[in-house]
Amino acid sequence: MLFIVMILKRSNYRFVYSLFILIILSVSCNNGQRKVVQELEDLSTQQVCLPVDSLFGDSIDRILVLVEDTGECSACSLHVNEWYVYRLDMEDRSLQGHIIYVLKERNRLNQSVDSMITEYGLYCFYGYDELIELNPFLKDVPYRTFLIDSNGKILLSGSPVEIPKLWSLYRKALGRKE
(Lines give C-alpha, C1' and ligand atoms only; values in the text may rest on other atoms or scores of the structure.)
Protein backbone atom coordinates (compact mmCIF):
# COMPACT_ATOMS: atom_id res chain seq x y z
CA MET A 1 0.00 0.00 0.00
CA LEU A 2 2.81 2.36 0.84
CA PHE A 3 4.35 1.60 -2.55
CA ILE A 4 1.14 2.65 -4.32
CA VAL A 5 0.97 5.89 -2.34
CA MET A 6 4.58 6.66 -3.26
CA ILE A 7 3.83 6.06 -6.94
CA LEU A 8 0.79 8.31 -6.76
CA LYS A 9 2.86 11.12 -5.22
CA ARG A 10 5.66 10.81 -7.79
CA SER A 11 3.66 10.37 -10.95
CA ASN A 12 0.46 11.49 -12.44
CA TYR A 13 -2.73 9.56 -11.95
CA ARG A 14 -3.04 8.67 -15.65
CA PHE A 15 0.04 6.47 -15.52
CA VAL A 16 -1.22 4.61 -12.47
CA TYR A 17 -4.69 4.29 -13.96
CA SER A 18 -3.22 2.96 -17.23
CA LEU A 19 -1.09 0.47 -15.33
CA PHE A 20 -4.12 -0.66 -13.33
CA ILE A 21 -6.17 -1.15 -16.54
CA LEU A 22 -3.30 -3.08 -18.11
CA ILE A 23 -3.12 -5.42 -15.11
CA ILE A 24 -6.90 -5.95 -15.15
CA LEU A 25 -6.85 -6.67 -18.89
CA SER A 26 -4.01 -9.17 -18.62
CA VAL A 27 -5.82 -11.03 -15.85
CA SER A 28 -9.10 -11.07 -17.79
CA CYS A 29 -7.34 -12.26 -20.97
CA ASN A 30 -5.86 -15.17 -19.04
CA ASN A 31 -9.34 -16.07 -17.82
CA GLY A 32 -10.62 -15.90 -21.42
CA GLN A 33 -7.81 -18.16 -22.59
CA ARG A 34 -8.54 -20.63 -19.81
CA LYS A 35 -12.19 -20.68 -20.83
CA VAL A 36 -11.29 -21.38 -24.48
CA VAL A 37 -8.87 -24.14 -23.49
CA GLN A 38 -11.53 -25.68 -21.24
CA GLU A 39 -14.14 -25.54 -24.05
CA LEU A 40 -11.72 -27.24 -26.45
CA GLU A 41 -10.84 -29.93 -23.90
CA ASP A 42 -14.54 -30.57 -23.27
CA LEU A 43 -15.18 -30.84 -27.00
CA SER A 44 -12.37 -33.35 -27.47
CA THR A 45 -14.26 -35.76 -25.21
CA GLN A 46 -17.44 -35.50 -27.29
CA GLN A 47 -18.64 -37.97 -29.86
CA VAL A 48 -20.72 -36.71 -32.79
CA CYS A 49 -23.63 -38.95 -33.74
CA LEU A 50 -23.86 -38.82 -37.51
CA PRO A 51 -27.14 -39.06 -39.40
CA VAL A 52 -27.76 -42.09 -41.56
CA ASP A 53 -26.55 -41.02 -44.99
CA SER A 54 -24.25 -42.51 -47.61
CA LEU A 55 -21.92 -39.53 -47.06
CA PHE A 56 -21.20 -40.81 -43.56
CA GLY A 57 -21.13 -44.53 -44.37
CA ASP A 58 -17.43 -45.04 -45.05
CA SER A 59 -14.70 -45.18 -42.45
CA ILE A 60 -12.92 -41.94 -43.22
CA ASP A 61 -12.23 -38.73 -41.30
CA ARG A 62 -14.42 -35.75 -42.03
CA ILE A 63 -14.16 -32.02 -41.71
CA LEU A 64 -17.66 -30.79 -40.94
CA VAL A 65 -18.40 -27.16 -41.69
CA LEU A 66 -21.70 -26.30 -40.02
CA VAL A 67 -23.55 -23.54 -41.86
CA GLU A 68 -26.70 -22.20 -40.28
CA ASP A 69 -27.26 -19.50 -42.89
CA THR A 70 -25.47 -18.98 -46.21
CA GLY A 71 -26.17 -15.25 -46.48
CA GLU A 72 -26.16 -13.24 -49.67
CA CYS A 73 -23.12 -14.66 -51.48
CA SER A 74 -23.09 -18.32 -50.59
CA ALA A 75 -19.86 -19.16 -52.43
CA CYS A 76 -18.17 -16.40 -50.46
CA SER A 77 -19.76 -17.15 -47.11
CA LEU A 78 -18.95 -20.84 -47.49
CA HIS A 79 -15.31 -20.03 -48.37
CA VAL A 80 -15.50 -22.56 -51.19
CA ASN A 81 -12.22 -21.50 -52.78
CA GLU A 82 -10.32 -21.69 -49.49
CA TRP A 83 -11.68 -25.17 -48.70
CA TYR A 84 -10.78 -26.26 -52.23
CA VAL A 85 -7.17 -25.21 -51.61
CA TYR A 86 -7.18 -27.25 -48.39
CA ARG A 87 -8.63 -30.24 -50.23
CA LEU A 88 -5.87 -29.97 -52.85
CA ASP A 89 -3.32 -29.85 -50.05
CA MET A 90 -4.84 -33.03 -48.61
CA GLU A 91 -4.64 -34.66 -52.02
CA ASP A 92 -0.99 -33.62 -52.51
CA ARG A 93 -0.10 -35.13 -49.13
CA SER A 94 -2.21 -38.27 -49.67
CA LEU A 95 -4.41 -37.43 -46.68
CA GLN A 96 -7.80 -39.13 -46.60
CA GLY A 97 -10.88 -37.22 -45.58
CA HIS A 98 -14.00 -35.44 -46.77
CA ILE A 99 -14.82 -31.78 -46.37
CA ILE A 100 -18.57 -31.58 -45.85
CA TYR A 101 -20.77 -28.52 -45.61
CA VAL A 102 -23.67 -29.25 -43.30
CA LEU A 103 -26.51 -26.94 -44.36
CA LYS A 104 -30.11 -26.39 -43.43
CA GLU A 105 -32.63 -27.86 -45.85
CA ARG A 106 -34.11 -24.42 -46.48
CA ASN A 107 -30.68 -23.12 -47.53
CA ARG A 108 -30.43 -25.03 -50.79
CA LEU A 109 -27.54 -23.68 -52.80
CA ASN A 110 -28.09 -22.32 -56.27
CA GLN A 111 -27.04 -24.51 -59.19
CA SER A 112 -23.73 -22.71 -59.88
CA VAL A 113 -22.49 -22.91 -56.26
CA ASP A 114 -23.63 -26.51 -55.95
CA SER A 115 -21.79 -27.41 -59.17
CA MET A 116 -18.68 -25.58 -57.99
CA ILE A 117 -18.66 -27.53 -54.71
CA THR A 118 -19.09 -30.82 -56.55
CA GLU A 119 -16.40 -29.95 -59.10
CA TYR A 120 -14.00 -29.04 -56.29
CA GLY A 121 -14.49 -32.42 -54.60
CA LEU A 122 -16.30 -30.96 -51.61
CA TYR A 123 -19.62 -32.26 -50.29
CA CYS A 124 -22.94 -30.86 -49.08
CA PHE A 125 -25.27 -32.47 -46.60
CA TYR A 126 -28.66 -30.83 -46.13
CA GLY A 127 -29.27 -32.07 -42.61
CA TYR A 128 -28.10 -29.32 -40.25
CA ASP A 129 -31.21 -29.57 -38.08
CA GLU A 130 -30.96 -33.36 -37.93
CA LEU A 131 -27.28 -33.18 -36.91
CA ILE A 132 -28.07 -30.62 -34.18
CA GLU A 133 -30.99 -32.74 -32.98
CA LEU A 134 -28.67 -35.75 -32.66
CA ASN A 135 -25.96 -33.62 -31.03
CA PRO A 136 -27.53 -30.76 -29.04
CA PHE A 137 -24.15 -29.73 -27.60
CA LEU A 138 -23.13 -28.49 -31.08
CA LYS A 139 -25.71 -25.71 -30.95
CA ASP A 140 -24.06 -24.08 -27.93
CA VAL A 141 -20.47 -24.44 -29.13
CA PRO A 142 -18.89 -21.27 -30.54
CA TYR A 143 -17.09 -23.28 -33.22
CA ARG A 144 -18.66 -24.26 -36.53
CA THR A 145 -15.89 -26.40 -38.00
CA PHE A 146 -14.86 -29.81 -36.67
CA LEU A 147 -12.53 -32.59 -37.69
CA ILE A 148 -14.09 -35.86 -36.63
CA ASP A 149 -12.73 -39.34 -37.03
CA SER A 150 -14.58 -42.23 -38.64
CA ASN A 151 -16.22 -43.03 -35.28
CA GLY A 152 -17.49 -39.47 -34.76
CA LYS A 153 -14.92 -38.44 -32.13
CA ILE A 154 -14.03 -34.75 -32.35
CA LEU A 155 -10.32 -34.47 -33.03
CA LEU A 156 -10.14 -30.71 -33.67
CA SER A 157 -12.44 -27.73 -33.72
CA GLY A 158 -12.04 -24.29 -35.19
CA SER A 159 -11.82 -23.09 -38.75
CA PRO A 160 -8.51 -23.08 -40.60
CA VAL A 161 -10.16 -20.62 -43.00
CA GLU A 162 -10.42 -18.12 -40.15
CA ILE A 163 -7.19 -19.19 -38.42
CA PRO A 164 -4.82 -20.49 -41.13
CA LYS A 165 -2.28 -21.81 -38.58
CA LEU A 166 -4.88 -24.42 -37.60
CA TRP A 167 -4.44 -26.13 -40.98
CA SER A 168 -1.12 -27.65 -39.91
CA LEU A 169 -2.94 -29.27 -36.95
CA TYR A 170 -5.65 -30.55 -39.28
CA ARG A 171 -2.97 -32.03 -41.58
CA LYS A 172 -1.24 -33.74 -38.65
CA ALA A 173 -4.53 -35.18 -37.39
CA LEU A 174 -5.55 -36.35 -40.87
CA GLY A 175 -2.14 -37.99 -41.33
CA ARG A 176 -2.06 -39.80 -38.01
CA LYS A 177 -1.77 -43.57 -38.02
CA GLU A 178 -4.54 -45.46 -36.23
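This is a predicted model: local features need pLDDT of at least 70, side-chain atom pairs count only at pLDDT 80 or more; totals for chains, interfaces and linings use all residues.

Visitor: Which residue forms a salt bridge with Glu-105?
Guide: That would be Arg-108, and the closest N and O atoms of the pair are 3.0 Å apart. Arg-108 itself is exposed, at a relative accessible area of 51%.

Visitor: Why would two side chains pair up like that?
Guide: Side chains can pair when they carry opposite charges and their charged atoms come close.

Visitor: How many salt bridges does the count come to?
Guide: Five. One of them joins the side chains of Asp-89 and Arg-171, at 3.3 Å from N to O. This pair links distant parts of the chain, with Asp-89 in helix H4 and Arg-171 in helix H8, 82 residues apart.

Visitor: Is Asp-89 buried or exposed? And what about Arg-171?
Guide: Asp-89 has a relative accessible area of 15%, so it counts as buried, the cut-off being under 20%. Arg-171 is partly exposed, at 25%.

Visitor: Which residues are linked with Asp-89 in a network of salt bridges?
Guide: Arg-93 and Arg-171 are linked with Asp-89 in that network.

Visitor: Which residue does Lys-104 form a salt bridge with?
Guide: Asp-129, with the closest N and O atoms 3.4 Å apart. Here too the pair links distant parts of the chain: Lys-104 lies in the loop between S2 and H5, while Asp-129 belongs to helix H6, residues 128-134, and they are 25 residues apart. Lys-104 is buried, at 11% relative accessible area, whereas Asp-129 is partly exposed, at 44%.

Visitor: New topic! How many residues are in the largest nonpolar core?
Guide: There are 26 residues in the largest nonpolar core, and those with the most contacts inside it include Ile-63, Trp-83, Tyr-101 and Trp-167. Among the elements giving two or more residues to this core are strand S1 (62-67), helix H4 (80-92) and strand S2 (98-103).

Visitor: Which element gives the largest share?
Guide: H8 does, with five residues.

Visitor: Tell me about Ile-63. What does it touch?
Guide: Leaving aside residues up to four places away in sequence, Ile-63 touches several partners, including Trp-83, Met-90, Ile-100, Phe-146, Trp-167 and Leu-174.

Visitor: What about a second core, how many residues does that have?
Guide: The second core is separate and has 17 residues, among them Val-48, Phe-125, Leu-138 and Val-141.

Visitor: How far apart are Phe-125 and Asp-53?
Guide: In sequence they are 72 residues apart, while in space their C-alpha atoms are 8.8 Å apart. Asp-53 sits in the loop between helix H2 (13-43) and S1, and is partly exposed at 31% relative accessibility.

Visitor: Last one: what is the phi of His-79?
Guide: His-79 has a positive phi of about 55 degrees, although this residue is not a glycine. It lies in the loop between helix H3 (74-77) and H4, and is partly exposed, at 28%.

Visitor: And where is Ser-94 found?
Guide: Ser-94 is in the loop between H4 and S2. Its phi is also positive, about 55 degrees, and it is not a glycine. Ser-94 is exposed, with a relative accessible area of 60%.

Conventions
Residues are numbered from 1 along each chain as its sequence is written. Side-chain values use heavy atoms; hydrogens and water are left out. A nonpolar core is a set of buried Ala, Val, Leu, Ile, Met, Phe, Trp, Tyr and Cys residues joined through side-chain atoms within 4.5 Å. Buried means under 20% relative accessible area, exposed over 50%, partly exposed in between (1.4 Å probe, protein chains only). Helices (H or I, at least four residues) and strands (E, at least two) are DSSP runs, numbered from the N terminus. Contact means heavy atoms within 4.5 Å. A salt bridge is a side-chain nitrogen of Lys or Arg within 4 Å of a carboxyl oxygen of Asp or Glu.
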